[in-house]
Amino acid sequence: MKLIKPSMDHLPAYAGALKRGWSPDNLRAEAAQEQLARIASDAATFVSDLDDPGAKAGPVKLPDGSEVPRLPSLRRWLWDTGFCGHIGLRWKPGTEDLPPTCSGHIGYSVVPWRQGEGLATAALTGIFPEAKAIGLKHLDIATSPENPASIRVIEKSGGTLLRRYTADKSLGGHATLLFRVSLAD
């Protein structure tokens, strides 16, 4: 498995996963249809907006429908004989702190037909060098206590549980576990 920067060459495989019912947003299943519409409207802009270290792509829509300013971010596609999922890294310049409307530095999702192959763990550890290059000293990663697969991925990647909490209302107000992965050498 390798992490690749989103590109027009690989966009058909990404769009194919969306059409098969996969959503890149674990909190908003409708994001798949929204992304297909954006691809149909302007595929080149859609692809360039996925890798957005300057936070120029406009606001982020939250599960409650509200919008917040976009944080700098980058996205990598998981590729292993085809599209397997994505991992995103977001940050606030100059600090490891994130706003309450951001559930963590990392978000990832593996397509259902490739889950259980270790791809998420490989992607998470594979993004560490890019996070270090940005200057982050640790990554905070949130997941549901009802998602044992994600908990295993985070723990296998060096994550330790920081706390249990209720997510911000704009993110659905659900029970959440917050893990931290140190990026220190």
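Modeller: A nonpolar core is a set of buried Ala, Val, Leu, Ile, Met, Phe, Trp, Tyr and Cys residues joined through side-chain atoms within 4.5 Å; buried means under 20% relative accessible area, exposed over 50%, partly exposed in between (1.4 Å probe, protein chains only). This is a predicted model, in which local features need pLDDT of at least 70 and side-chain atom pairs count only at pLDDT 80 or more, while totals for chains, interfaces and linings use all residues. Residues are numbered from 1 along each chain as its sequence is written, and side-chain values use heavy atoms, without hydrogens and water.

Biologist: Which residues have the most contacts inside the largest nonpolar core?

Modeller: They are Ile 87, Leu 89, Ile 106, Tyr 108, Leu 124, Ile 127 and Leu 139, in a core of 26 residues. The largest share, seven residues, comes from α3; helices (H or I, at least four residues) and strands (E, at least two) are DSSP runs, numbered from the N terminus.

Biologist: What makes α1 roughly antiparallel to α2?

Modeller: Axes are lines fitted to C-alpha atoms, for helices over the stretch in contact, with angles from 0 to 180 degrees between N-to-C directions. Angles under 35 degrees count as roughly parallel, over 145 as roughly antiparallel, 65 to 115 as roughly perpendicular and the rest as oblique. Helix α1 (residues 11–19) and helix α2 (residues 31–50) pack at about 170°, their axes 10 Å apart; therefore α1 is roughly antiparallel to α2.

Biologist: Which residues of α1 make the contact?

Modeller: Leu 11, Tyr 14, Ala 15, Leu 18 and Lys 19 of α1 do so, where contact means heavy atoms within 4.5 Å.
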